[in-house]
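Welcome! Take a moment to look over the sequence and the fold, and then let us walk through some spaces, rings and contacts together.

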Amino acid sequence: MAVADGEIKVVERPYFTYSASSEIFLETTDTAITIARTRLINLLRDSLDYKPTVYIRDNLEDFRKLIGSAFPDWGAAVALPYREMVAVKSPAHFRLGKSLNMLIRHEYGHLALHHRLFHVDPPRWLDEGVAMYISAEWGWSDNFDMSKAVVFNSLVPLKDIEKLNLFPEGRARTAYTESYLAVKYLVDVYEIESFNILLDSLRARRSADEAIYAAIGATCDEFEKEFFEHLKTRYNFMTLFGDLSLLWLFLALVVLVGAYLKFRKKQKYYDKWDREEELHSTDFDYGDPDNPEKIDDEDKPWL
């Protein structure tokens with residue numbers, strides 16, 4: 001049921017409350033949270049029996065008033081676990097860089113993880129990694145960014161990701177990508193059971209070192225070294241070169257298709273002109289009217 005709250009519509013759903021100037025994004029929000037809940041319940045071994053609010057705001061001033069905290073200019077959405085809310089800039093008024101569905105799944109992932117930890121703050125790489133893991137944020141650009149980071153030795157130490165909000169956009173992309181891959185590595189190599197031992201230990205207010213040691217038998221520094229070695233075997237000069245080759249191939253195809261379309265367009269005009277000349281031709285035969293084909297007047301001057 002929707003009720004008016006000034007110019008804002010509030011819609012109650014079983015697992016969230018929707019707050020926006022219109023219901024145009026309600027279906028997308030519903031779908032995103034349904035997908036995220038399914039993945040999170042499996043990953044976190046949690047029932048997620050709570051109900052956050054998703055706020056979508058049309059202008060920057062309202063967005064900033066809502067979140068009441070410092071926020072990087074490049075950010076499109078934010079989760080505030082202690083208030084059980086997600087705030088998103090409206091896709092109708094901002095260029096978000098990612099789909100609304102993906103953004104909501106990402107931010108809902110933050111809420112779910114903090115709920116699982118009973119509001120104990122996890123390491124930032126773990127927090128962002130879970131959110132990206134749930135939102136399935138991975139594409140060609142992420143592969144390229146990670147290859148570039150490995151080749152040019154610009155990987156971000158996991159402990160430095162705590163300062164993510166202060167990073168410039170390029171370094172922030174690397175940090176987000178690393179966070180996703182670190183969580184994926186933990187789940188793939190050590191499996192979900194060990195991952196949840198890590199979460200249980202953090203919830204019990206053990207240090208990050210103690211928690212990860214309980215889960216995988218390694219300290220944070222040891223895990224980072226192991227994880228970075230994995231990245232260096234997975235991403236290297238060849239993957240970077242491969243990505244660049246695909247980019248140049250794509251650009252070449254764009255140029256070729258553009259040239260072909262331009263040629264076709266010109267050819268259509270030339271064909272049209274030829275047809276018009278045939279219909280309106282003034283090149284008549286002024287030879288012998290009785291025997292027009294016997295007298296060739298091509299070489300005779302006009303009288």
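## The enclosed space

About 30 Å³ of space lies in the largest cavity, where a cavity is a set of points on a 1 Å grid over the protein atoms alone at which a 1.4 Å probe fits but cannot get out. Grid points are joined across faces, edges and corners, and a volume is the space filled by probe spheres set on the points. The structure holds one cavity of 30 Å³ or more.

Which residues line the largest cavity? They are Tyr 50, Pro 81, Glu 84, Leu 111, His 115 and His 119, and lining residues have an atom within 4 Å of a point. By class, this lining has three nonpolar, two polar and one charged residues. Here Ala, Val, Leu, Ile, Met, Phe, Trp, Tyr, Cys and Pro count as nonpolar, Asp, Glu, Lys and Arg as charged, and the others, Gly among them, as polar.

## About the model

This is a predicted model, in which local features need pLDDT of at least 70 and side-chain atom pairs count only at pLDDT 80 or more, while totals for chains, interfaces and linings use all residues. Residues are numbered from 1 along each chain as its sequence is written, and side-chain values use heavy atoms, with hydrogens and water left out.

## The largest pocket

Now for an open space: the largest pocket has a volume of about 1,100 Å³. A pocket is an open set of points with protein on both sides within 12 Å along at least five of seven lines. Its lining has 43 residues, and Trp 74, His 106, Glu 107, Glu 128 and Tyr 176 lie nearest the centre. These 43 residues divide into 20 nonpolar, 10 polar and 13 charged.

Which element gives the most to this lining? Helix 3 does, with six residues. Helices (H or I, at least four residues) and strands (E, at least two) are DSSP runs, numbered from the N terminus.

Glu 128 is found in helix 4. Is Glu 128 buried or exposed? At 3% relative accessibility, Glu 128 counts as buried; buried means under 20% relative accessible area, exposed over 50%, and partly exposed in between (1.4 Å probe, protein chains only). Leaving aside residues up to four places away in sequence, Glu 128 touches His 106, His 110, Leu 164, Tyr 176 and Ser 179, contact being heavy atoms within 4.5 Å.

Ala 175 belongs to helix 6 and is buried, with a relative accessible area of 0%. Beyond residues up to four places away in sequence, Ala 175 touches Val 156, Ile 161, Leu 164 and Phe 167.

## Aromatic rings

A search of the whole structure finds eight aromatic pairs. Rings of Phe, Tyr and Trp (its six-membered ring) pair if their centres lie within 6.5 Å; planes under 30 degrees apart count as stacked, over 60 as edge-to-face and the rest as tilted. Tyr 185 and Tyr 190 form an edge-to-face pair, 6.5 Å centre to centre with 75° between the planes. Tyr 185 is buried at 11% relative accessible area, whereas Tyr 190 is partly exposed at 22%.

Why is the pair of Phe 227 and Phe 228 tilted? The ring centres are 5.9 Å apart and the planes lie at 50°, so the pair counts as tilted. Both Phe 227 and Phe 228 are buried. Trp 125, Tyr 185, Tyr 190, Phe 223, Phe 227 and Phe 228 form one aromatic cluster.
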